[in-house]
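Open the model in your viewer and keep the selection tool at hand. This tour goes from stop to stop and says what to select at each.

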Amino acid sequence: MRGRAVVAAAMLALAGSLTFAPSLAAGSGGPIVAARQDSMKEMAAAAKAIAEMFDGKRAYDAAGFRAAAEVLRARTGRAMIAEFPDGTLGEPSGAKTEIDQARLEFESLARHVGDLADALATKAHNAPAKITADMRMGAGLPMNGGSLLGKRPKVAEAEPAKMPAEHLLHLILQDCSSCHAKFRQKVK
Ligand code: HEC
């Protein structure tokens with residue numbers, strides 16, 4: 001059940017972010033800021049779609065799963081890093097100026113979530129017509145104290161390619177939250 005709570009909390013945080021986002025006057029941070037905010041929103045919608053398929057709140061379909069996973073893959077890693085150039089940080093954007101002082105950490109988070117999204121998209125590419133047990137949280141894992149959950153990304157992890165899809169989604173959502181906690185600010 002802990003896994004479900006993690007996803008629920010992450011989805012709640014994302015829902016909150018979607019509600020405060022529109023208060024930003026359109027384009028007030030320039031086209032680069034607007035573009036990355038769109039990317040982030042697309043990722044939130046994609047992550048939500050996958051989470052709901054696994055939770056049975058939305059009909060699972062392999063093509064929809066694949067498309068959503070591809071959005072996550074395309075918007076993370078190098079692409080994500082490129083969306084935060086110098087001179088676009090700080091108000092009115094929700095990106096903290098701290099990103100500039102901690103580039104290595106920021107970029108390693110973006111790459112980490114990118115590796116996970118990569119693994120998820122590869123799995124989604126071969127996804128069966130119905131969700132199978134081996135796609136589920138906990139499949140093939142020694143559930144001995146949840147060392148893979150609730151910890152920072154640096155914690156030793158199994159190879160992403162060997163993790164079930166649902167587990168990868170949880171880890172992705174944790175990276176979203178970790179980065180937001182440190183590098184994102186609320187703006188009015
Ligand atoms: C490496 C850091 C990092 C990662 C990883 C990250 N984000 Fe973000 N996210 C940010 C920053 C910084 C902002 C603020 C951007 C701005 O306003 O310029 C943001 C903003 C957002 C927003 C608000 C966009 C808006 O309209 O203002 C949403 C929604 C969002 N992220 C979702 C996600 C999701 C979903 C994931 C994971 C799949 C994710 N983010 C991963 C750093 C990150």
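Select Leu120 in this predicted model. Beyond its neighbours within four places in sequence, Leu120 contacts Ile50, Phe65, Ala69, Leu72, Ala165, Leu168 and Ile172.

Now widen the view to the largest nonpolar core. It has 45 residues. Ile50, Phe65, Leu72, Leu120 and Leu173 touch the most other members. Colour the helices next: H1 (2-20), H2, H3 (62-75), H4 (78-82), H6 (103-125) and H7 each give the core at least two residues. H6 supplies the largest share, with 10 residues.

Move on to H7, residues 165-183. From first C-alpha to last, this 19-residue helix reaches 27 Å, close to the 27 Å expected at 1.5 Å a residue. Is H7 mostly covered or mostly open? Mostly covered: 14 of its 19 residues are buried.

Which protein atoms are its donors? Select SD of Met40 and NE2 of His180, which lie 2.1 to 2.4 Å from the iron. Met40 sits in H2 (residues 30-55) and His180 in H7, so the pair ties together parts 140 residues apart in sequence.

Show every donor around the iron. There are 6 donor atoms, and their angles run from 86 to 179 degrees, which makes the arrangement octahedral. For comparison, six ideal octahedral donors give 90 or 180 degrees.

Met40 counts as partly exposed because its relative accessibility is 26%. His180, at 23% relative accessible area, is partly exposed too.

Key
Residues numbered from 1 in each chain as written. Predicted model: local features only at pLDDT ≥ 70, side-chain atom pairs only at ≥ 80, totals over all residues. Heavy atoms only, no water. Helix = DSSP H or I, 4+ residues; strand = E, 2+ residues; numbered from the N terminus. Expected span 1.5 Å × (residues − 1). Buried < 20%, exposed > 50% of the residue type's maximum accessible area, 1.4 Å probe, protein only. Donors = N, O, S within 2.8 Å, 3.2 Å for Na, K, Ca; no water. Tetrahedral: all angles 85-135°; square planar, octahedral: opposite > 155°, others 65-115°. Core = buried A, V, L, I, M, F, W, Y, C linked by side-chain atoms within 4.5 Å. Contact = heavy atoms within 4.5 Å.
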